[in-house]
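Dear colleague,

I am passing on the model that we talked about, and I would be glad if you could look through it with the notes below beside you. The notes begin with the charged pairs and then turn to the chain as a whole.

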Amino acid sequence: MTLLPTLPFRVHLNAAKGRAGAPVLDEAGFRAARGAITCWPGYAATPLVDLPGLARTLGIGALRWKDEGGRFGLGSFKALGGAYAVARHLIRTLAARGITATDADLAAGGHAALTGDITVTCATDGNHGRSVAWGAQRFHCRAVIYIHETVSDGRAAAIARFGAEVRRVPGTYDDAVRRAAEDAAANGWTVVSDTSYPGYTDIPRDVMQGYRVMADEAFAQWTGPAPTHLFVQGGVGGVAAAVAAQAALHFGADGPRLVVVEPDRFDCLYRSAVAGTPTPSPPGPDTLMAGLACGEVSILAFDELLYRADAFMAVPDEAVAPAMRALARGQDGDPGVVAGESAVAGLIGLALALGDPTAAPLALDASSRVLLFGTEGATDPELYARLVGAPA
C-alpha cells in the first residue's frame with residue numbers, strides 16, 4: 001500500500017559531508033540550554049510515538065514520531081528556542097550592568113523594572129514569533145513581532161495573546177526579517193531571530209541550542225536498535241542543524257543518516273547544498289508549509305548541515321494534506337497524530353523516497369528504522385480542519 005500519490009521531488013546527496021562547512025554548536029552551549037529549559041515550570045519531555053502500522057504501510061522496519069504539539073502549550077518545538085534566547089539576552093544585558101540573574105529570577109519579576117525597558121523583536125511565519133512573545137511575557141520584557149502578508153490571522157492572534165505587538169508587512173518572510181532588523185536598529189531593540197547572517201550569530205546559536213533539547217529527548221526515548229535514518233524539516237536550517245549536532249553527540253560518527261526536507265517552493269538549503277555556498281531560492285508561489293517558507297539559509301545552520309547532513313530533499317505541496325490525513329486517521333491500528341502543515345515534511349520526504357530509484361543512495365529498505373520530528377501540532381486550527389477534513 002502506498003501512503004502518498006506519486007509526485008515529483010528532488011534529492012541531493014551531500015558529497016561535502018565531513019569535508020566542508022563546520023560544526024558550530026558546542027556541547028557546553030547545549031548543556032547550558034538543557035539545564036535552563038528543563039527547570040522551567042511546565043517542562044516535560046514530549047512523547048515519542050511508535051507508529052508500527054505506518055511503518056508497515058511504508059514497508060520499513062520501524063517508524064517513530066517525536067510529537068511537539070504539546071510543548072509548553074505553544075504547539076511547536078520552537079517554544080524551546082526563542083524563549084530561551086530571550087532569557088539569555090536579558091541575562092547578558094543585566095550582567096553588563098553588574099547584575100547577576102537567572103531564568104527563575106527573571107520569571108519571578110525581580111528585575112522587571114529594568115527588563116521592562118528592553119524590547120526584543122523578530123520576524124516569523126508563526127511559531128518562532130509565538131515563542132519569542134511567550135518568552136518576553138514570561139521574563140518581563142517587551143516584544144514586537146513582524147509577520148508577512150500571507151501569515152494567517154489565527155497565527156497572528158496566537159502571538160498577540162502573549163502581549164506582543166504584532167506588525168504585518170508586505171512581501172515574504174525574508175522581507176519581514178529585513179524590516180525587523182531595520183526597525184530594531186532604528187529603535188535600539190534586539191533581534192531574537194532563528195536565522196543567522198554575517199555579523200549576527202550569537203542569538204541564533206542560543207536558539208539552536210534550545211532546539212537540541214527536542215533531539216536529546218527523542219534519542220533518550222528511543223528503545224531497541226538505534227534509528228538508521230532521521231528525516232527533519234528544513235526552513236532556514238536551525239532545527240535540522242540542532243538535530244544534526246545532537247545526533248553527532250549522541251551516536252558518534254556512525255550515527256543515522258540525516259535527510260533535510262523542505263518545500264520545493266522554498267528550497268534554499270537544497271540549492272545551497274548543491275552550490276556548496278548559501279544560495280537563496282528564487283521568488284515564487286507560497287507554500288502550505290508556512291513554517292518552512294524561507295528563501296535564505298541561516299549561515300550558522302548551513303555550516304553545520306553541510307558538514308553533517310547526508311542528503312537534502314525538496315518536496316511538493318500536493319503531498320501535505322494527504323500526509324496530514326494519514327497521520328490523523330492512523331494506519332493499521334496506529335493512534336491518530338495531529339500534525340501541522342510544516343510537521344509533515346519529513347514524512348513526505350520518506351514516503352516519496354521509498355522505492356524511487358533517484359533516492360537509492362539514501363539506503364532505505366525494509367529494515368530501516370526512521371525517526372521523524374513532528375515539529376508542530378495544529379498551530380492554525382482552521383487551516384488544519386480544512387486540510388484534514390476534521391478538527392484537531
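**Salt bridges**

Aspartate 103 and arginine 88 form a salt bridge in which the closest N and O atoms are 2.1 Å apart, a salt bridge being a side-chain nitrogen of Lys or Arg within 4 Å of a carboxyl oxygen of Asp or Glu. Aspartate 103 belongs to helix 4 (residues 103-107) and arginine 88 to helix 3 (residues 82-96), so the pair ties together parts that are 15 residues apart in sequence. Helices here are DSSP runs of H or I with at least four residues, strands are runs of E with at least two, and both are numbered from the N terminus. Both aspartate 103 and arginine 88 are buried, where buried means under 20% relative accessible area, exposed over 50%, and partly exposed in between (1.4 Å probe, protein chains only).

Before you read further, please note that this is a predicted model, in which local features need pLDDT of at least 70 and side-chain atom pairs count only at pLDDT 80 or more, while totals for chains, interfaces and linings use all residues. Residues are numbered from 1 along each chain as its sequence is written, and side-chain values use heavy atoms, with hydrogens and water left out.

The structure holds 25 salt bridges. Another of them joins arginine 64 to aspartate 50, with the closest N and O atoms 3.7 Å apart; this pair links distant parts of the chain, arginine 64 being in strand 3 (residues 62-67) and aspartate 50 in strand 2 (residues 48-50), 14 residues apart. Arginine 64 is buried, at a relative accessible area of 15%, whereas aspartate 50 is partly exposed at 39%.

Within helix 8 (residues 173-187), aspartate 183 and arginine 179 lie four residues apart, about one turn of the helix, and they form a salt bridge whose closest N and O atoms are 3.1 Å apart. Aspartate 183 is buried with a relative accessible area of 14%, while arginine 179 is partly exposed with 34%. Both residues also take part in a network of salt bridges that links Arg142, Glu165, Arg167, Arg179 and Asp183.

**Two further residues**

Glutamine 246, in helix 10 (residues 238-251), is buried at 2% relative accessibility. Not counting residues up to four places away in sequence, glutamine 246 touches Phe30, Arg212, Ala215, Asp216 and Phe219, contact meaning heavy atoms within 4.5 Å. Alanine 385 sits in helix 15 (residues 381-388) and is partly exposed, at 26% relative accessibility; leaving aside neighbours within four places in sequence, alanine 385 is in contact with Ala390 and Pro391.

**The chain as a whole**

The protein chain has 15 helices and eleven strands. Its radius of gyration is 20 Å, close to the 21 Å that the globule rule gives for 392 residues, so the chain is as compact as a globular protein of that length; the radius is taken over C-alpha atoms, and the rule is 2.2 Å times the number of residues to the power 0.38. The C-alpha atoms fill a box of roughly 60 × 45 × 40 Å along the principal axes. Buried residues make up 59% of the 392 residues, and of the contacts with a separation of 6 or more, 75% are between residues 24 or more positions apart.

With kind regards
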